[in-house]
Amino acid sequence: MRRRGGAAVRVTLVEPRAPLQATSQFSTECYRDFFVDTALVPFMSRSVSLLEELAETDDAINLNRRGYCFFAGSDAGTKALERFGVQASSFGAGPLRRHDGSAGRGLAEYERSPANGFRGPTGLDLVYGPELIQEIYPFVTSKAQVMLHARRCGWLDAQALGRAMLTASGGQVLRGEVVGFDTHQGAVTAVQVQQNDGVAVSLKCDAFVNAAGAWMERVNKLLEAPPLPLKNEVHAKVILNDVQGVIPQTAPFMVWRDQVDLDWEEDMKEFLLELDDTATGGMVNSASWLAKQPGGQHLRPCGNGRVLLLWEHLHRHVPVPEDPEMPISDFLEMYPELCVRGLKEMVPGLGGYVEGLGKDTSVDGGYYTVMPDGRPLVSPHGASNAYVCGGMGTYGLMGSPAAGAECAQEADGRGSRGLSLRPEEEDKW
Ligand SMILES: Cc1cc2nc3c(=O)[nH]c(=O)nc-3n(C[C@H](O)[C@H](O)[C@H](O)COP(=O)(O)OP(=O)(O)OC[C@H]3O[C@@H](n4cnc5c(N)ncnc54)[C@H](O)[C@@H]3O)c2cc1C
């Protein structure tokens, strides 16, 4: 890595864990280039281009472009997906094509996504009617009226991405924790590190970047900088061993859009009312599962016959302590069953798991660290040569190449400074 003017830059990644062993290793590892935010679209488009560049050489990061497929079975859901497609396209996600089988053309103009590689189509496709939808994905419910297929999306290997970026920067890893700073005239002159082997070292530096994920505010306090408006939320995913072979391993990322009823038996409803412990400060909000649930439940295959299942709203109420734990010890015990019940609306075959989830089903997760405006936090903060880089919530892996590039440009005096709210704009938080 080089500075403007050509001088070499030495990057040191200070990390007590092996790199990417906190939230990043629990991510769904997906990426997309559609957003309805004028700042996020160019940011993520740049990031996806950087991902594609990294994948160019013998696909080092296992990038695919299977797309994100959204389904709806109601008229309201159909209209919402149509509106969303038009909006995403107008924000720069590429052309929106419609396939409704009119004039006997069937799916003649719909291009299927390849399972591997990242050279598939771009833009978005709206496919109408269960017959056409099931011709593409036979395991999807016949209730689906519409499918919105966003194309420049898919997933990748997060560990490989981390390795590729570290190699590209010529950086080195120092196993230890940042525990303090030396400053002089408003600039960081050295970072105090407690190494994992117990040795304390002082790292002289020209610039410091706080990219400590859910712990950014803790590091920020060490620098005695004004507080950051970041919030941490727990998010979790289920890893299902799909022994019944319901979801083909070549499937894309799939989302159900409509509200769902979770179909509880009468005796189960009573049990859920009793189980709810939120009145005594617990996290089991089971009484609320009796009402209609918002859509948004999603899945993707992840190799070796396994499938990832997620439903974000189910953990949103769980409080996160100031010093977030990692790994997270407690998730909702019924999370796998809730995901299966929600997702069988989109893929009825998953109903076979409602009563029969194997003991090899597991749950893991980490944190969405978010800004109030939902935009990335890449900015100078706390000292004249200190920067913050994070706050990317749902899109922190896919956004990391652009965030890193933007942060490096900021440190080199070439940043666009337009990415997020400035931390000093406190009145807007
Ligand atoms: C269930 C789930 C699914 C997700 N799915 C996606 C997805 O599909 N696509 C996507 O793009 N994003 C996704 N995300 C979000 C994404 O995973 C995060 O935005 C991203 O991993 C955050 O990366 P980070 O490097 O900021 O944080 P982390 O990966 O948590 O890294 C922060 C690091 O800072 C280190 N650290 C903390 N304090 C110190 C200190 N004092 N000194 C030194 N080091 C310190 C920690 O050890 C940690 O390793 C998902 C998240 C979750 C939880």
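Predicted model: local features only at pLDDT ≥ 70, side-chain atom pairs only at ≥ 80, totals over all residues.
Let me start with strand β13 (residues 231-241), which is joined to β17 by nine bridges, the two running antiparallel; strands here are DSSP runs of E with at least two residues, numbered from the N terminus, and two of them count as paired if DSSP finds at least two bridges between them. Within this pair, I239 stands opposite S362 of β17.

Residues are numbered from 1 along each chain as its sequence is written.

The two strands belong to an open sheet of nine, with mixed pairing and the order β4-β5-β6-β3-β14-β15-β16-β13-β17. Because β4 (96-99) and β17 (362-370) stand at the edges with a single partner strand each, one side of each is left without a neighbour in the sheet.

Now to β19 (residues 386-390), where five of the five residues are buried, meaning that 20 or more other C-beta atoms, placed from the backbone, lie within 10 Å of a residue's own. A386, V388 and G390 point one way from β19, whereas Y387 and C389 point the other way. In a regular strand, side chains alternate between the two faces of the sheet.

What joins β19 to other strands? Strand β12 (residues 208-210) runs parallel to β19 and is joined to it by three bridges, with F208 opposite A386. Strand β18 (residues 377-380) runs antiparallel to β19, with four bridges, and P380 has Y387 as its bridge partner. β18 and β19 form a hairpin with five residues between them, and in that turn G382 has a positive phi of about 95°.

Terms used: Buried ≥ 20, exposed ≤ 12 C-beta atoms within 10 Å, placed from the backbone.
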